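Dear colleague,

My notes on it follow.

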Amino acid sequence: MAKVFFWKEAEKDYKKLDGMLKQWVDAAGERLKIRGSEIGKDLGNTTYSKLAGFKELKNQKLGIRLIFKPTTDNRIEIIEIVAIGKR
C-alpha cells in the first residue's frame with residue numbers, strides 16, 4: 001500500500017475546493033493508496049510545462065485534475081500530490 005502526501009501548494013488548492021470536488025479528490029487519494037503508480041496518465045515535458053515523471057488523474061465531468069508524482073523509497077511507494085484544480 002502506498003503512502004500519499006500533499007505538497008503545501010496542493011493542500012491550499014484542496015482547501016479551496018467545494019464539497020463534491022473534495023469528495024472526488026478523497027476518492028482519488030484512496031485509489032492511489034491502494035493501486036499506487038499503476039493508475040494515471042503519464043505526463044511529459046512541453047514548451048509550457050516540465051512534467052516528465054508526473055502522472056495525472058482526471059474527472060472530465062467535474063472538470064478537475066490531480067497531478068501526482070509516484071516515487072519509491074526503500075520499497076515503500078510514496079505518492080506526492082502536486083496540484084489539484086481546473087485546467
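Leaving aside neighbours within four places in sequence, which residues is Leu-66 in contact with? Please bear in mind throughout that this is a predicted model. In that model Leu-66 is in contact with Trp-24, Val-25, Ala-28, Leu-32, Lys-55, Glu-56, Leu-57, Ile-81, Ala-83 and Ile-84, once those neighbours are left out.

On the chain as a whole, there are 2 helices and 5 strands, and from the N terminus on they run in the order β-α-α-β-β-β-β. The radius of gyration is 12 Å, close to the 12 Å that the globule rule gives for 87 residues, so the chain is as compact as a globular protein of that length. Its C-alpha atoms fill a box of roughly 35 × 35 × 25 Å along the principal axes, and buried residues make up 34% of the 87 residues. Among contacts between residues at least 6 apart in sequence, 47% join residues that are at least 24 apart.

Helix 2 deserves a paragraph of its own. Its 17 residues, at 1.5 Å a residue, should span 24 Å, and this agrees with the 24 Å between its end C-alpha atoms. The buried residues of the helix are Leu-21, Trp-24, Val-25, Ala-28, Gly-29 and Leu-32. Because they cover an arc of only 140 degrees around the axis, they lie on the same side of helix 2. As background, an α-helix has 3.6 residues a turn, so residues three or four places apart point the same way. On the other side of helix 2, Gln-23 and Ile-34 are exposed, and just after the helix Gly-36 takes a positive phi of about 60 degrees.

The side chain of Lys-55 reaches the backbone oxygen of Ser-37 at 2.5 Å. Val-4 has its place in strand 1 (residues 3-6) and, leaving aside its neighbours within four places in sequence, is in contact with Gly-29, Leu-32, Lys-33, Ile-79 and Ile-81. The C-alpha atoms of Val-4 and Leu-51, which are 47 residues apart along the chain, are separated by 19 Å. Gly-63 lies in the loop between strand 3 (55-59) and strand 4 and is partly exposed, with a relative accessible area of 32%. Between the C-alpha atoms of Gly-63 and Ala-10, 53 residues apart along the chain, the separation is 17 Å.

With kind regards

Technical notes. Residues are numbered from 1 along each chain as its sequence is written. This is a predicted model: local features need pLDDT of at least 70, side-chain atom pairs count only at pLDDT 80 or more; totals for chains, interfaces and linings use all residues. Side-chain values use heavy atoms; hydrogens and water are left out. Contact means heavy atoms within 4.5 Å. Helices (H or I, at least four residues) and strands (E, at least two) are DSSP runs, numbered from the N terminus. Buried means under 20% relative accessible area, exposed over 50%, partly exposed in between (1.4 Å probe, protein chains only). The expected span of a helix is 1.5 Å times one less than its number of residues. The arc is that of the directions from the helix axis to the C-beta atoms. A polar contact is a pair of N or O atoms within 3.5 Å; within protein, one must be able to donate a hydrogen and the other to accept it, and residues adjacent in sequence count only if both atoms are side-chain atoms. The radius of gyration is taken over C-alpha atoms; the globule rule is 2.2 Å times the number of residues to the power 0.38.
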